[in-house]
Number of protein chains: 2
Amino acid sequence: MPILSAAVNASIIDALLRPRSVAVIGASDNPNKVGGRPVHYLSRYGFAGRIYPINPGRDEIQGHRAYPSLDALDTAPDAAVIAVAGDAALEQVRRCAAAGVRAAVVMASGFAETGDAGRRRQDELVAAAHAGGMRIVGPNAQGTANFASGAVLNFSTMFMEVAPADGPIAIVSQSGAASVMPYALLRQAGLGVRYLVATGNDADLDACAMAEAVAADEAVRLVLIYLESLSDPARLAAAAAIARRRGAAVVVLKSGGSKRGAAAAASHTGAMVGNDAAIDAFLARHGIWRAPDIAAFVRAAPLYLQGHDPGLGRTVVISHSGAVGVMAADLAERAGLPLTDLAPATQDALAQVLPDFGTAANPLDMTAALLGQGDLFPRALGALGSDPGANMVMIGIPVAGPGYDVEALAGDAAGFVDAHARPLVVSAPQASVRAAFDRRGVPTYVTEADAIAALHQYAMHRRLMEAAARAEGADARGNALGNVAGHPADAGAGTGLLDEYASLSLLGRYGVPVVPQRLCETPEQAVQAAAALAAGDAPVVVKGCAASVPHKSEHGLVHLRLAGAAQVRAAASACLGKLAELGVDGPRVLVAPMVKGTHEFALGVTVDPQLGPLVMIGDGGTLLELRQDIVTLLAPFDLAAAREACRRLRVAPLFDGYRDMPPLDLDALADAAVALGEFAMACGGTLMSVDINPLMVMPAGQGAMAVDAVVEMR
Amino acid sequence: MPILSAAVNASIIDALLRPRSVAVIGASDNPNKVGGRPVHYLSRYGFAGRIYPINPGRDEIQGHRAYPSLDALDTAPDAAVIAVAGDAALEQVRRCAAAGVRAAVVMASGFAETGDAGRRRQDELVAAAHAGGMRIVGPNAQGTANFASGAVLNFSTMFMEVAPADGPIAIVSQSGAASVMPYALLRQAGLGVRYLVATGNDADLDACAMAEAVAADEAVRLVLIYLESLSDPARLAAAAAIARRRGAAVVVLKSGGSKRGAAAAASHTGAMVGNDAAIDAFLARHGIWRAPDIAAFVRAAPLYLQGHDPGLGRTVVISHSGAVGVMAADLAERAGLPLTDLAPATQDALAQVLPDFGTAANPLDMTAALLGQGDLFPRALGALGSDPGANMVMIGIPVAGPGYDVEALAGDAAGFVDAHARPLVVSAPQASVRAAFDRRGVPTYVTEADAIAALHQYAMHRRLMEAAARAEGADARGNALGNVAGHPADAGAGTGLLDEYASLSLLGRYGVPVVPQRLCETPEQAVQAAAALAAGDAPVVVKGCAASVPHKSEHGLVHLRLAGAAQVRAAASACLGKLAELGVDGPRVLVAPMVKGTHEFALGVTVDPQLGPLVMIGDGGTLLELRQDIVTLLAPFDLAAAREACRRLRVAPLFDGYRDMPPLDLDALADAAVALGEFAMACGGTLMSVDINPLMVMPAGQGAMAVDAVVEMR
């Protein structure tokens, strides 16, 4: 388990992102070569420090005096770009470290991504750097860039094609391509990007460490991070916390969630992609939005940069086309973005503004009358501005041309944002219409779908960030990952697959409600146990109990609804005989009262090697895996989080009473999940998995009870 | 129910879309007024026929001789644009019809969209037109446009802003805005649009009729239709069939599927939006793709126009970036687009082409080596061309610049398409990169997400079109909507809510398997019935049976697992007493054997007023509506369609045997659904709904059995 390490020394980060001097080792006079491009970019994009091209074959490179080697310099440069290949790269790392260079970008490929021999060379590389107190980004890295200082230690051709401009966005990526794709989209949309860091093999300063470094820059409002593996979850959590404390947002695109994507990622970076559900839960807990693709990665950027309060995300859609309103309403409902119910006062105000054939509802159809009356639009916006329930606004302009005063509309929209500081976006298929709004800083989208998606992401993400901030405040533990490295609290619990009796007993000791049960070695013991556990004719169950036979029902080892000594005796006999036949040494049966809950749920634990135990709560029974009505939570979590998660199940209406069923005991289910999470945390690294199915849940106030469970320990 | 009417007279369509002469009534000299714009467009976009501006106040309009009225013309124009408002529009419709004009576009608003009085004025308008044999588009219509003939009878400002060009695409829309939005996106992407028709209130020639008209143009390869209501399903089906027979595609954006969207649509066009699931089923049956939003409406257009065979949709992703491959694989899996498993021969061929550090897998990572070797890319494409399993190709180019020969890559990609006639698309965030491919006719997208979505839609839609063609061939009924207007075959079935006994009996007569049952008026009859229905001690059920008490269990009227005469007698007594207490006249109980299936399914019918009966098949039991594991089919349908639908249920693995459960009787379930559909068809308009829940399904070969049902007739 990763332990939260101290932040990277600030002087190292300064050396990389704000160096006073940079050596480019393997520098080329040709700006189109890997070793020429950093020299070109440093000159072109305003780097004010010293540039030392290192090349034994030349006196001058791109107008700069060149040096044959580091030794020829009178001072150690803060940073170095190592643009030579293979073994030469290793040698240059040694020399840089020896010379007192603080940090280097190593561009050479052919290390861990090629297999075990490469991984050993990579370990050597890191060791050589650390020997001199130097840190590296890479190898196989496209490099770092700070467009505020002009420190572009990066060989991407993208900056030749799409000119940089400083701005409040940082991009950090394990992949070079995935760093410049969002860069290109943001720059083409007119947004400035300060940092672009592509870390490659993550051998030393990884993507998470660099994310933490750029998040610490107070001017950064949005950090975009592309990951194929969660190289350092604790540091990623720290980056998110640093950003969040000043209201800055972190969006992660974690790829490789599909089967084939995971295989491709493994061959791309050699990294395991991790359990996707655990990653979802981890990112959500830390207030990080997970973008599904590159478009979603950048879509809401203008809203983050403006930073207006999205309130509860309740949105008003305005258009001069009824069709745009209908489509936007469909899209909002599909996305889960609530459209505002306009307050009566707002409806009255709008009814005075709008002509007869417009409707003062949401979506708001302003009709073609928008064209005729110059003050119609600002008056309608004014009415919305007075409605505190109208948190966000989407304006749809499907068509414009002669007769449309687009400049005035854009001015009105910008005025609304200035006056009310609320998120407002425009959708318009015509590039010329978008340009008018863009000039006034109003975020624009080509389609309603993109506009609604951006509002939805922004509003939901801000709520996620608030929840993470609350959780951070409440979390006395202080450890971003929780105490996953704790010691096994029940070392005597056993190893491997535990039998049902041992599993239930163990879980019961940690507060998971379990059915009363007795373990019996003879039919007579079973009869006595049944009499003790179930009064009168109350039915009991008898099951064969052996860790080596987990699939009991396949072997006829489950006998339900037994009434009376004769039935119990026969069932116990049959089970003991069957177990003996299966070669079980010292066969035993478990006797328990027959418990029927109002509904069967299931609980489970899997343990992610990086993120710790993940607790699953689901609609239980034998069809659990087909129905896939499940929610997951990273342990530890509290009762409120467990209740909230249960409320996201499709079967959640059962907690309020459904048809002629009484309301179910939500608190008992949530309590059991919390107890299971605490059990998993207490086990530390010794737990493999838990399956509790079914967990019988009773009517409210009557509890819940696990009636079957399998615990697997290491 | 709509009856398939004959296609609109071709001379009417010619008069609208290919007129020899057009009168513009209410013509203005100002091209920026509604009455000026059609004159301007007709002149500007190459209309070769006669233009007759009608305006009593002017002698000349926009360089054309103007006339005071239609009477002043020596001939009746083929078509008229009526660009005057209110009552004047009605008067001009009368005059046009009297003068022998064949068809008119009525632009005036203030008709059915304003309420009942407006609807009556609209009826008058249509009657006035029909009295002279004239047909109209509108009122409240933006109008028609044919950019091949220059016949632009349309007032949208969009054609001032985004210049038209003829091409193989037709757009038909009930909304003006929703007609020009896809137009703008397609034109900005360089695609030509021939027809743009916005029909407004659909009082006469509606969107479906106009879709049929443009689908009949052999040059049209793609018809895009925006609908808020399904104004004429039969004609829409005919339009799709006409297009499909020559391989042309129809994509519909039907909005108003959300609750708030439906309300907005109702106030926008006054139309009811219909049952969304029924519309899905209807469109799918007729091989029409349903786009969820405007972006998806146009996204796959270039692929439709190329028309290459997508085979089974198996796709290869190629990039010089591993990250693009990982993301594309994730996106493909989420969308349900299969990535090809490369044939061993293809892998061998690629292994020879690719350098050591590229991997001959799919996604195919060509690495930066793509830059160094000019023949690497064409050789890799050649290897894929020899693999018949590689149906489609996506090329991801996340970054380019100096050193990238983008022109050569684009040429190679175009060469592959020429040689192999397979769908191939490119994703690239840089506009300059896309331009190189666009110039060679290779479809391009900004993001992998759009590229994958376009391939997915195209491949799935072509399969849907093939299925619709097969169904058309097989359907001896010949009626696009089936025989939904048939006569009730069982007039004696009753009216209103039928009781359980009557419901099961009726369904049983139509071939739905139902539990044997008897209706009893006394406890003694119940005891006799139980003895007759269940041999020995086999358990029976006794339920109170009264149409006026549908919620039996709430009243304690369901008694399960009864064994022996005493239990049956007591249960029947209790039920009869309870029914009497509830005021039921002549109370009766139903006795049936207790049937336990391996799994409980449910079947249901709802009847859409336009589309007829919709049969639902679902994972049954009391949680049916929470679990929402359902599929729907428009009746009538055959066994194969029912089986295929059942296979889409989440619980479908039950049909193959799951865990220790035997395979379930899929055929029996599908048969029951077919029988239910036939019953619903036979009822014609008299059926309201059917609920069968549960339908017990047994192991394969052992059948299925409805044990509870409610039929509601009109």
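Me: How much area do chain A and chain B bury between them, and what makes that a buried area?
Reply: In this predicted model, chain A and chain B bury about 6,100 Å² between them, with 62% of it on carbon and sulfur atoms. It's called buried area because it is the accessible area the two parts lose on being put together, summed over both. On the chain A side, A:Arg260, A:Pro402 and A:Leu626 supply 12% of what that chain buries against chain B, more than any other three residues.

Me: What makes B:Glu625 and A:Arg659 a salt bridge?
Reply: Their side chains meet at 2.8 Å, N to O, and the cut-off is 4 Å, so the pair qualifies. The rule finds six salt bridges across the interface of chain A and chain B. Helix 13 of chain A gives the largest share of the side of chain A that touches chain B, 10 residues.

Me: Why is B:Asn146 called buried?
Reply: Its relative accessibility is 1%, and buried means under 20%, so B:Asn146 counts as buried. B:Asn146 sits in strand 8 (residues 143-146) of chain B.

Me: Which residues have the most contacts inside the largest nonpolar core?
Reply: A:Phe437, B:Phe159 and B:Phe437, in a core of 195 residues. Helix 19 (residues 448-474) of chain B gives the largest share, nine residues.

Technical notes. Residues are numbered from 1 along each chain as its sequence is written. Chains are lettered from A and ligands numbered from 1 in the order in which they are written. This is a predicted model: local features need pLDDT of at least 70, side-chain atom pairs count only at pLDDT 80 or more; totals for chains, interfaces and linings use all residues. Side-chain values use heavy atoms; hydrogens and water are left out. Helices (H or I, at least four residues) and strands (E, at least two) are DSSP runs, numbered from the N terminus. Buried means under 20% relative accessible area, exposed over 50%, partly exposed in between (1.4 Å probe, protein chains only). A nonpolar core is a set of buried Ala, Val, Leu, Ile, Met, Phe, Trp, Tyr and Cys residues joined through side-chain atoms within 4.5 Å. Buried area is the accessible area (1.4 Å probe) that two parts lose on being put together, summed over both.
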